[in-house]
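Biologist: Let us go through this model term by term. I will ask what stands behind each label.

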Amino acid sequence: MRTLRTRALVAFDRTGVAGALVSQGLGARRLRAFAQAPLPAGALSPSPFEANLADPTAVRAALSQVRDALAPGATGACLLLPAGVARIVLMEVPSGTEAEGYARFRLASSLPYSAAEAVVDLMPVGPGRVVAAAVRRSVVQEYERAAEAAGWRQSRLDLAPLAALTGLLRESTGAARTVDVILGDAAVTLSAHAEGQLRAYRTRWRDAGPGEAAWLAAEAHRTADLAGEGTAPRLRVVGPGASGFVQAWTAAGLSASPGWMLEGHGLPVAAAELSCLGGMVG
Amino acid sequence: MRDFSSRPRARRLEPREWAWLAVGALAVLLSAGTAWDAWRDNRAAVVRVATVRAERDAAGARLRALESQVRRDSMGNQAWLTLEAPPPRVVADLAELLPPEVRLEQLSLKYGTRLEVEMTVSARDAAAYDLFLERLGASPRFGEVSPGEENRAGEVKAQVRAAYREEDAR
(Lines give C-alpha, C1' and ligand atoms only; values in the text may rest on other atoms or scores of the structure.)
Protein backbone atom coordinates (compact mmCIF):
# COMPACT_ATOMS: atom_id res chain seq x y z
CA MET A 1 0.00 0.00 0.00
CA ARG A 2 1.32 3.39 -0.87
CA THR A 3 2.21 5.66 2.06
CA LEU A 4 0.76 9.13 1.94
CA ARG A 5 2.11 10.55 5.20
CA THR A 6 4.16 9.32 8.14
CA ARG A 7 3.94 10.82 11.58
CA ALA A 8 5.45 10.07 14.92
CA LEU A 9 3.81 9.79 18.31
CA VAL A 10 5.75 10.22 21.52
CA ALA A 11 3.88 9.41 24.72
CA PHE A 12 5.02 10.13 28.23
CA ASP A 13 3.89 8.42 31.40
CA ARG A 14 5.17 7.77 34.87
CA THR A 15 6.82 4.46 33.98
CA GLY A 16 8.32 5.30 30.63
CA VAL A 17 8.36 6.94 27.23
CA ALA A 18 6.82 5.25 24.19
CA GLY A 19 7.06 6.16 20.57
CA ALA A 20 5.45 5.00 17.34
CA LEU A 21 5.75 5.73 13.66
CA VAL A 22 2.39 5.67 11.94
CA SER A 23 1.81 5.91 8.23
CA GLN A 24 -1.39 6.83 6.49
CA GLY A 25 -2.04 4.63 3.47
CA LEU A 26 -4.83 4.86 0.96
CA GLY A 27 -6.97 2.45 2.95
CA ALA A 28 -5.84 2.43 6.57
CA ARG A 29 -3.26 3.63 9.04
CA ARG A 30 -0.30 1.39 9.74
CA LEU A 31 1.91 1.13 12.77
CA ARG A 32 5.33 1.01 11.14
CA ALA A 33 7.52 0.99 14.23
CA PHE A 34 7.16 1.04 17.98
CA ALA A 35 9.69 1.59 20.74
CA GLN A 36 9.58 2.29 24.45
CA ALA A 37 12.09 3.14 27.12
CA PRO A 38 11.50 2.83 30.87
CA LEU A 39 11.95 5.67 33.31
CA PRO A 40 13.41 5.33 36.77
CA ALA A 41 10.89 5.62 39.57
CA GLY A 42 10.09 9.24 40.36
CA ALA A 43 11.62 10.64 37.19
CA LEU A 44 8.19 11.76 35.91
CA SER A 45 5.15 12.49 38.02
CA PRO A 46 2.07 13.79 36.19
CA SER A 47 0.65 16.83 37.91
CA PRO A 48 -1.54 19.67 36.70
CA PHE A 49 0.37 22.47 38.46
CA GLU A 50 3.70 21.23 39.82
CA ALA A 51 6.84 20.42 37.85
CA ASN A 52 6.38 17.00 36.21
CA LEU A 53 9.93 16.09 35.32
CA ALA A 54 11.83 15.47 38.51
CA ASP A 55 14.68 13.96 36.53
CA PRO A 56 14.82 15.71 33.16
CA THR A 57 18.07 13.97 32.28
CA ALA A 58 16.49 10.55 32.62
CA VAL A 59 13.47 11.62 30.58
CA ARG A 60 15.73 13.06 27.89
CA ALA A 61 17.73 9.84 27.79
CA ALA A 62 14.55 7.79 27.39
CA LEU A 63 13.38 10.10 24.60
CA SER A 64 16.74 9.73 22.84
CA GLN A 65 16.58 5.97 23.19
CA VAL A 66 13.13 5.89 21.59
CA ARG A 67 14.23 8.25 18.85
CA ASP A 68 17.27 6.12 18.03
CA ALA A 69 15.06 3.05 17.80
CA LEU A 70 12.47 4.65 15.56
CA ALA A 71 14.81 6.75 13.41
CA PRO A 72 12.03 9.17 12.44
CA GLY A 73 14.32 11.45 10.44
CA ALA A 74 12.67 14.83 9.88
CA THR A 75 9.21 13.51 10.67
CA GLY A 76 7.42 15.77 13.12
CA ALA A 77 6.24 14.21 16.35
CA CYS A 78 3.02 14.64 18.24
CA LEU A 79 3.85 14.71 21.95
CA LEU A 80 1.19 13.00 24.09
CA LEU A 81 1.10 14.16 27.69
CA PRO A 82 -0.10 11.68 30.31
CA ALA A 83 -3.43 11.65 32.09
CA GLY A 84 -3.37 13.82 35.17
CA VAL A 85 -1.63 16.89 33.74
CA ALA A 86 -4.74 18.66 32.50
CA ARG A 87 -8.06 19.89 33.74
CA ILE A 88 -10.56 18.34 31.33
CA VAL A 89 -14.27 19.12 31.30
CA LEU A 90 -17.20 18.14 29.08
CA MET A 91 -19.30 21.24 28.46
CA GLU A 92 -22.04 22.64 26.29
CA VAL A 93 -21.24 25.82 24.42
CA PRO A 94 -24.12 28.27 23.97
CA SER A 95 -24.92 28.86 20.34
CA GLY A 96 -23.30 31.93 18.84
CA THR A 97 -20.49 31.81 21.41
CA GLU A 98 -16.84 31.48 20.46
CA ALA A 99 -16.06 28.03 21.86
CA GLU A 100 -12.43 28.45 22.91
CA GLY A 101 -13.07 31.73 24.71
CA TYR A 102 -16.09 30.25 26.48
CA ALA A 103 -14.11 27.17 27.53
CA ARG A 104 -11.29 29.34 28.86
CA PHE A 105 -13.83 31.34 30.84
CA ARG A 106 -15.47 28.22 32.27
CA LEU A 107 -12.20 26.49 33.15
CA ALA A 108 -10.59 29.56 34.68
CA SER A 109 -12.43 29.31 37.98
CA SER A 110 -11.42 25.70 38.55
CA LEU A 111 -7.70 26.01 37.76
CA PRO A 112 -5.17 26.01 40.60
CA TYR A 113 -3.13 28.60 38.68
CA SER A 114 -3.79 31.78 36.76
CA ALA A 115 -5.92 31.38 33.64
CA ALA A 116 -3.29 33.35 31.73
CA GLU A 117 -0.90 30.46 32.32
CA ALA A 118 -3.29 27.94 30.77
CA VAL A 119 -3.03 26.48 27.28
CA VAL A 120 -6.61 25.68 26.33
CA ASP A 121 -7.91 23.62 23.46
CA LEU A 122 -11.05 21.73 22.56
CA MET A 123 -12.31 18.48 21.23
CA PRO A 124 -15.74 18.81 19.55
CA VAL A 125 -17.99 15.87 20.50
CA GLY A 126 -21.25 16.84 18.86
CA PRO A 127 -23.36 19.87 18.08
CA GLY A 128 -22.69 22.48 20.75
CA ARG A 129 -20.68 20.08 22.93
CA VAL A 130 -16.94 20.04 23.50
CA VAL A 131 -14.43 18.43 25.76
CA ALA A 132 -12.29 21.37 26.86
CA ALA A 133 -8.89 20.96 28.43
CA ALA A 134 -6.45 23.32 30.11
CA VAL A 135 -2.79 22.56 30.74
CA ARG A 136 -0.40 24.79 32.59
CA ARG A 137 2.03 26.35 30.14
CA SER A 138 5.05 25.68 32.36
CA VAL A 139 4.12 21.98 32.45
CA VAL A 140 3.81 21.84 28.65
CA GLN A 141 7.16 23.55 28.27
CA GLU A 142 8.88 20.97 30.46
CA TYR A 143 7.89 18.18 28.06
CA GLU A 144 8.64 20.29 24.98
CA ARG A 145 12.12 21.14 26.22
CA ALA A 146 12.90 17.53 26.97
CA ALA A 147 11.73 16.38 23.53
CA GLU A 148 13.67 19.11 21.77
CA ALA A 149 16.81 18.31 23.73
CA ALA A 150 16.49 14.70 22.61
CA GLY A 151 16.33 15.77 18.96
CA TRP A 152 12.62 15.44 18.36
CA ARG A 153 10.94 17.92 16.04
CA GLN A 154 7.57 18.71 17.55
CA SER A 155 4.62 18.99 15.20
CA ARG A 156 1.95 19.34 17.88
CA LEU A 157 1.13 18.40 21.45
CA ASP A 158 -1.94 16.53 22.65
CA LEU A 159 -3.21 14.86 25.78
CA ALA A 160 -3.11 11.05 25.83
CA PRO A 161 -6.67 10.68 27.22
CA LEU A 162 -8.12 12.91 24.50
CA ALA A 163 -6.14 11.16 21.78
CA ALA A 164 -7.41 7.81 23.05
CA LEU A 165 -10.97 9.08 23.33
CA THR A 166 -10.82 10.34 19.74
CA GLY A 167 -9.82 6.88 18.59
CA LEU A 168 -12.49 5.15 20.69
CA LEU A 169 -15.31 7.45 19.62
CA ARG A 170 -14.71 6.52 15.99
CA GLU A 171 -15.86 2.98 16.71
CA SER A 172 -19.39 2.47 17.99
CA THR A 173 -20.01 -0.50 20.27
CA GLY A 174 -23.66 -0.77 19.33
CA ALA A 175 -24.55 -0.91 23.04
CA ALA A 176 -27.11 1.46 24.57
CA ARG A 177 -24.50 2.72 27.05
CA THR A 178 -20.75 2.49 26.77
CA VAL A 179 -18.05 3.56 29.18
CA ASP A 180 -14.54 4.00 27.85
CA VAL A 181 -11.92 3.48 30.54
CA ILE A 182 -8.68 5.16 29.50
CA LEU A 183 -5.89 4.21 31.85
CA GLY A 184 -2.74 6.13 32.50
CA ASP A 185 0.00 5.22 34.90
CA ALA A 186 -1.17 7.84 37.38
CA ALA A 187 -4.74 8.68 36.45
CA VAL A 188 -7.72 7.14 34.73
CA THR A 189 -10.31 8.81 32.51
CA LEU A 190 -13.86 7.52 32.25
CA SER A 191 -16.15 8.70 29.51
CA ALA A 192 -19.71 7.54 29.05
CA HIS A 193 -21.67 7.80 25.86
CA ALA A 194 -25.15 6.79 24.89
CA GLU A 195 -27.01 6.98 21.61
CA GLY A 196 -23.84 8.12 19.88
CA GLN A 197 -23.37 11.10 22.17
CA LEU A 198 -20.73 11.69 24.83
CA ARG A 199 -22.63 12.31 28.06
CA ALA A 200 -20.06 12.21 30.86
CA TYR A 201 -16.31 12.65 31.27
CA ARG A 202 -14.43 12.11 34.54
CA THR A 203 -10.81 11.79 35.60
CA ARG A 204 -9.64 9.99 38.76
CA TRP A 205 -6.21 9.31 40.21
CA ARG A 206 -5.52 5.61 40.12
CA ASP A 207 -5.47 3.58 43.31
CA ALA A 208 -3.33 0.64 42.31
CA GLY A 209 -3.86 -2.41 44.46
CA PRO A 210 -5.84 -5.59 44.73
CA GLY A 211 -9.15 -3.77 44.91
CA GLU A 212 -8.58 -1.48 41.96
CA ALA A 213 -10.60 -3.56 39.49
CA ALA A 214 -13.70 -3.48 41.71
CA TRP A 215 -13.25 0.21 42.51
CA LEU A 216 -12.80 1.05 38.84
CA ALA A 217 -15.84 -1.03 37.82
CA ALA A 218 -17.91 0.89 40.36
CA GLU A 219 -16.57 4.17 39.01
CA ALA A 220 -17.43 3.05 35.48
CA HIS A 221 -21.01 2.29 36.52
CA ARG A 222 -21.31 5.63 38.27
CA THR A 223 -20.08 7.30 35.09
CA ALA A 224 -22.60 5.33 33.04
CA ASP A 225 -25.39 6.50 35.33
CA LEU A 226 -24.35 10.08 34.61
CA ALA A 227 -25.12 9.33 30.96
CA GLY A 228 -28.60 8.16 31.89
CA GLU A 229 -30.35 5.15 33.37
CA GLY A 230 -30.33 1.95 31.38
CA THR A 231 -28.94 -1.50 31.02
CA ALA A 232 -25.46 -2.48 32.19
CA PRO A 233 -22.90 -0.52 30.22
CA ARG A 234 -20.42 -1.97 27.82
CA LEU A 235 -16.86 -1.28 29.06
CA ARG A 236 -13.97 -0.60 26.69
CA VAL A 237 -10.53 -0.39 28.22
CA VAL A 238 -7.20 0.96 26.98
CA GLY A 239 -3.97 1.81 28.73
CA PRO A 240 -1.54 0.06 31.03
CA GLY A 241 -3.28 -2.85 32.76
CA ALA A 242 -6.18 -2.94 30.28
CA SER A 243 -5.86 -6.67 29.56
CA GLY A 244 -5.99 -7.51 33.26
CA PHE A 245 -9.07 -5.39 33.85
CA VAL A 246 -10.88 -6.87 30.85
CA GLN A 247 -10.11 -10.35 32.15
CA ALA A 248 -11.22 -9.53 35.68
CA TRP A 249 -14.42 -7.78 34.64
CA THR A 250 -15.37 -10.46 32.14
CA ALA A 251 -14.87 -13.06 34.85
CA ALA A 252 -17.11 -10.98 37.11
CA GLY A 253 -19.85 -11.09 34.48
CA LEU A 254 -19.41 -7.58 33.15
CA SER A 255 -19.38 -6.72 29.46
CA ALA A 256 -15.80 -5.62 28.84
CA SER A 257 -13.43 -5.62 25.91
CA PRO A 258 -10.15 -4.06 24.86
CA GLY A 259 -10.63 -0.64 23.33
CA TRP A 260 -8.72 -1.66 20.24
CA MET A 261 -6.64 -4.40 18.78
CA LEU A 262 -3.93 -4.39 16.19
CA GLU A 263 -3.89 -6.63 13.14
CA GLY A 264 -0.59 -8.51 12.94
CA HIS A 265 2.23 -8.54 15.42
CA GLY A 266 5.18 -6.38 16.36
CA LEU A 267 4.17 -4.96 19.71
CA PRO A 268 5.71 -6.13 22.96
CA VAL A 269 2.32 -5.91 24.68
CA ALA A 270 -1.34 -6.04 23.65
CA ALA A 271 -2.29 -2.96 21.65
CA ALA A 272 -4.97 -2.03 24.17
CA GLU A 273 -2.24 -1.62 26.81
CA LEU A 274 -0.98 1.38 24.87
CA SER A 275 -3.35 4.31 25.20
CA CYS A 276 -1.02 6.38 23.06
CA LEU A 277 -2.12 4.36 20.01
CA GLY A 278 -5.28 6.41 20.11
CA GLY A 279 -3.09 9.04 18.57
CA MET A 280 -2.91 6.86 15.46
CA VAL A 281 -6.47 7.74 14.67
CA GLY A 282 -6.90 10.80 16.82
CA MET B 1 -6.33 19.63 14.86
CA ARG B 2 -6.08 19.88 18.62
CA ASP B 3 -2.79 21.32 19.81
CA PHE B 4 -1.72 22.20 23.35
CA SER B 5 1.76 23.37 22.33
CA SER B 6 3.08 26.33 24.28
CA ARG B 7 4.09 28.14 21.09
CA PRO B 8 1.70 30.79 19.84
CA ARG B 9 -1.08 29.42 17.71
CA ALA B 10 -2.98 30.92 14.88
CA ARG B 11 -6.53 31.66 15.96
CA ARG B 12 -8.91 28.93 14.88
CA LEU B 13 -11.60 30.16 12.55
CA GLU B 14 -15.24 29.95 13.49
CA PRO B 15 -17.66 28.23 11.08
CA ARG B 16 -19.09 31.64 10.20
CA GLU B 17 -15.58 32.88 9.38
CA TRP B 18 -14.95 29.78 7.28
CA ALA B 19 -18.17 30.56 5.44
CA TRP B 20 -17.04 34.13 4.80
CA LEU B 21 -13.65 32.82 3.71
CA ALA B 22 -15.38 30.44 1.29
CA VAL B 23 -17.51 33.30 -0.03
CA GLY B 24 -14.37 35.42 -0.44
CA ALA B 25 -12.55 32.61 -2.21
CA LEU B 26 -15.55 32.14 -4.49
CA ALA B 27 -15.61 35.86 -5.22
CA VAL B 28 -11.91 35.79 -6.04
CA LEU B 29 -12.48 32.84 -8.38
CA LEU B 30 -15.41 34.59 -10.04
CA SER B 31 -13.36 37.79 -10.36
CA ALA B 32 -10.49 35.84 -11.84
CA GLY B 33 -12.88 34.20 -14.29
CA THR B 34 -14.40 37.54 -15.23
CA ALA B 35 -10.96 39.12 -15.56
CA TRP B 36 -9.87 36.24 -17.78
CA ASP B 37 -12.97 36.68 -19.96
CA ALA B 38 -12.36 40.43 -20.13
CA TRP B 39 -8.72 39.89 -21.02
CA ARG B 40 -9.74 37.42 -23.73
CA ASP B 41 -12.38 39.84 -25.07
CA ASN B 42 -9.79 42.62 -25.02
CA ARG B 43 -7.37 40.44 -26.97
CA ALA B 44 -10.09 39.65 -29.49
CA ALA B 45 -10.98 43.34 -29.75
CA VAL B 46 -7.33 44.28 -30.26
CA VAL B 47 -7.08 41.69 -33.02
CA ARG B 48 -10.31 43.00 -34.56
CA VAL B 49 -9.05 46.59 -34.38
CA ALA B 50 -5.77 45.55 -35.99
CA THR B 51 -7.69 43.75 -38.74
CA VAL B 52 -9.96 46.75 -39.32
CA ARG B 53 -6.94 49.06 -39.36
CA ALA B 54 -5.21 46.82 -41.86
CA GLU B 55 -8.38 46.77 -43.99
CA ARG B 56 -8.67 50.55 -43.66
CA ASP B 57 -5.03 51.00 -44.66
CA ALA B 58 -5.50 48.64 -47.59
CA ALA B 59 -8.68 50.47 -48.61
CA GLY B 60 -6.85 53.80 -48.26
CA ALA B 61 -4.04 52.51 -50.39
CA ARG B 62 -6.53 51.26 -52.99
CA LEU B 63 -8.34 54.62 -52.86
CA ARG B 64 -5.11 56.52 -53.33
CA ALA B 65 -4.19 54.28 -56.23
CA LEU B 66 -7.63 54.79 -57.80
CA GLU B 67 -7.48 58.54 -57.25
CA SER B 68 -4.08 58.61 -58.83
CA GLN B 69 -5.45 56.57 -61.71
CA VAL B 70 -8.48 58.87 -62.02
CA ARG B 71 -6.22 61.90 -61.87
CA ARG B 72 -4.07 60.41 -64.56
CA ASP B 73 -7.19 59.53 -66.59
CA SER B 74 -8.64 63.01 -66.04
CA MET B 75 -5.48 64.70 -67.08
CA GLY B 76 -5.28 62.39 -70.08
CA ASN B 77 -8.90 63.06 -70.93
CA GLN B 78 -8.37 66.78 -70.60
CA ALA B 79 -5.35 66.58 -72.83
CA TRP B 80 -7.27 64.49 -75.31
CA LEU B 81 -10.23 66.87 -75.24
CA THR B 82 -7.95 69.85 -75.75
CA LEU B 83 -6.47 68.04 -78.69
CA GLU B 84 -9.74 66.86 -80.20
CA ALA B 85 -11.86 69.86 -79.33
CA PRO B 86 -9.65 72.91 -79.49
CA PRO B 87 -11.33 76.22 -78.65
CA PRO B 88 -11.42 77.41 -82.30
CA ARG B 89 -13.39 74.34 -83.28
CA VAL B 90 -15.83 74.72 -80.43
CA VAL B 91 -16.30 78.38 -81.30
CA ALA B 92 -16.80 77.43 -84.91
CA ASP B 93 -19.39 74.82 -84.04
CA LEU B 94 -21.16 77.28 -81.82
CA ALA B 95 -21.06 80.04 -84.42
CA GLU B 96 -22.87 77.77 -86.85
CA LEU B 97 -25.78 77.63 -84.44
CA LEU B 98 -26.08 81.32 -83.75
CA PRO B 99 -29.00 83.00 -85.53
CA PRO B 100 -28.15 86.41 -87.07
CA GLU B 101 -29.93 88.25 -84.26
CA VAL B 102 -27.92 86.52 -81.61
CA ARG B 103 -24.34 87.26 -80.77
CA LEU B 104 -21.88 85.57 -78.46
CA GLU B 105 -20.57 87.98 -75.87
CA GLN B 106 -18.60 85.72 -73.61
CA LEU B 107 -17.43 82.14 -73.82
CA SER B 108 -15.77 79.98 -71.20
CA LEU B 109 -14.47 76.47 -71.85
CA LYS B 110 -13.74 74.12 -68.92
CA TYR B 111 -11.68 71.08 -69.89
CA GLY B 112 -12.12 68.23 -67.39
CA THR B 113 -13.49 64.76 -67.73
CA ARG B 114 -15.69 66.49 -70.26
CA LEU B 115 -15.75 69.87 -71.90
CA GLU B 116 -18.19 72.26 -70.29
CA VAL B 117 -19.19 75.32 -72.28
CA GLU B 118 -20.50 78.38 -70.53
CA MET B 119 -21.54 81.33 -72.60
CA THR B 120 -23.24 84.66 -72.38
CA VAL B 121 -25.35 85.55 -75.39
CA SER B 122 -27.29 88.64 -76.47
CA ALA B 123 -30.34 88.42 -78.71
CA ARG B 124 -32.36 91.17 -80.26
CA ASP B 125 -35.55 89.58 -79.09
CA ALA B 126 -36.81 86.56 -77.26
CA ALA B 127 -37.73 84.73 -80.44
CA ALA B 128 -34.09 84.85 -81.64
CA TYR B 129 -32.88 83.56 -78.26
CA ASP B 130 -35.41 80.75 -78.26
CA LEU B 131 -34.29 79.81 -81.76
CA PHE B 132 -30.71 79.66 -80.54
CA LEU B 133 -31.69 77.43 -77.65
CA GLU B 134 -33.64 75.22 -80.03
CA ARG B 135 -30.66 74.86 -82.38
CA LEU B 136 -28.32 74.27 -79.46
CA GLY B 137 -30.52 71.54 -78.03
CA ALA B 138 -30.87 69.86 -81.42
CA SER B 139 -27.18 69.99 -82.21
CA PRO B 140 -25.34 66.69 -81.98
CA ARG B 141 -22.28 68.65 -80.75
CA PHE B 142 -23.88 70.02 -77.64
CA GLY B 143 -25.91 68.42 -74.90
CA GLU B 144 -27.16 68.98 -71.40
CA VAL B 145 -28.23 72.50 -72.41
CA SER B 146 -29.05 74.47 -69.30
CA PRO B 147 -30.32 78.03 -69.76
CA GLY B 148 -29.23 80.28 -66.93
CA GLU B 149 -30.27 83.74 -65.91
CA GLU B 150 -31.84 85.74 -68.67
CA ASN B 151 -33.21 89.21 -69.12
CA ARG B 152 -36.11 89.45 -71.58
CA ALA B 153 -36.85 93.12 -71.27
CA GLY B 154 -36.33 94.18 -74.86
CA GLU B 155 -32.93 92.76 -75.81
CA VAL B 156 -32.42 89.33 -74.27
CA LYS B 157 -29.21 88.70 -72.41
CA ALA B 158 -28.75 85.26 -70.99
CA GLN B 159 -26.28 82.72 -69.74
CA VAL B 160 -26.32 79.21 -71.15
CA ARG B 161 -24.45 76.13 -70.09
CA ALA B 162 -23.92 73.08 -72.24
CA ALA B 163 -21.62 70.13 -72.56
CA TYR B 164 -19.61 69.57 -75.67
CA ARG B 165 -20.34 65.97 -76.71
CA GLU B 166 -17.08 64.21 -76.69
CA GLU B 167 -18.57 60.99 -78.11
CA ASP B 168 -19.70 62.93 -81.09
CA ALA B 169 -16.46 64.82 -81.11
CA ARG B 170 -14.55 61.58 -81.19
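Biologist: Which strands of chain A form the open sheet, and in what order?

Modeller: Three strands form it, in the order β5-β7-β6 of chain A, with antiparallel pairing. First, the ground rules. This is a predicted model: local features need pLDDT of at least 70, side-chain atom pairs count only at pLDDT 80 or more, and totals for chains, interfaces and linings use all residues. Residues are numbered from 1 along each chain as its sequence is written, and chains are lettered from A and ligands numbered from 1 in the order in which they are written.

Biologist: What makes β5 and β6 of chain A edge strands?

Modeller: Strands pair if DSSP finds at least two bridges between them. β5 (86-92) and β6 (118-124) of chain A each have a single partner strand, so one side of each is left without a neighbour in the sheet. Strands themselves are DSSP runs of E, at least two residues; helices are runs of H or I, at least four; both are numbered from the N terminus. On average, neighbouring strands of this sheet are turned by 20° against each other, direction ignored.

Biologist: How do you know that β6(A) and β7(A) pair?

Modeller: DSSP needs at least two bridges. β6(A) and β7(A) (residues 129-136) are joined by 7 bridges and run antiparallel. In this pairing, A:Pro124 stands opposite A:Val130 of β7(A).

Biologist: Which strands does helix α3 of chain A touch?

Modeller: Helix α3(A) (residues 137-149) packs on the sheet and touches β6 and β7 of chain A. Its direction makes about 75° with that of β7(A). Angles run from 0 to 180 degrees between N-to-C directions, with axes fitted to C-alpha atoms, for helices over the stretch in contact. Contact requires C-beta atoms, placed from the backbone, within 7 Å. Helix α2(A) (residues 99-108) lies across β5, β6 and β7 of chain A, at about 120° to β6(A).

Biologist: Why is β2 of chain A called largely enclosed?

Modeller: A residue is buried if 20 or more other C-beta atoms lie within 10 Å of its own, exposed if 12 or fewer, and partly exposed in between; these C-beta atoms are placed from the backbone. In β2(A) (residues 16-25), 7 of the 10 residues are buried, so the strand is largely enclosed by the rest of the structure. β2(A) also pairs antiparallel with β3(A) (residues 29-38) over 9 bridges. There, A:Gly16 stands opposite A:Pro38.

Biologist: Why is B:Val156 called buried?

Modeller: B:Val156 has 21 C-beta neighbours inside 10 Å; the cut-off is 20 or more, so the residue counts as buried. B:Val156 lies in strand β4 (residues 156-164) of chain B. Its contacts include B:Ala123, B:Tyr129 and B:Glu150. B:Ala123 is 33 residues away in sequence, yet 5.0 Å away in space, C-alpha to C-alpha.

Biologist: Is A:Ala71 buried or exposed?

Modeller: Exposed, because A:Ala71 has 10 C-beta neighbours inside 10 Å and the limit is 12 or fewer. A:Ala71 sits in the loop between α1 (56-70) and β4 (77-81) of chain A. Its phi is near 45°, positive in a residue other than glycine. Most residues other than glycine have a negative phi.

Biologist: How do you know that the buried residues of α6(A) line one face?

Modeller: In α6(A) (residues 242-251), A:Ala242, A:Phe245, A:Val246 and A:Trp249 are buried. Seen down the axis, the buried residues fall within an arc of 100°, so they line one face of the helix. The arc is that of the directions from the helix axis to the C-beta atoms. The face turned away carries the exposed residues A:Gln247 and A:Ala251. The buried residues pack against β9 (177-183), α5 (212-226), β12 (234-238) and β13 (255-258) of chain A.

Biologist: Which residues touch the most other members of the largest nonpolar core?

Modeller: A:Val10, A:Leu80 and A:Val135 do, in a core of 86 residues. Such a core is a set of buried Ala, Val, Leu, Ile, Met, Phe, Trp, Tyr and Cys residues joined through C-beta atoms within 7 Å.

Definitions and conventions:
Two residues are in contact if their C-beta atoms, placed from the backbone, lie within 7 Å. Lists of a residue's contacts leave out its neighbours within four places in sequence.
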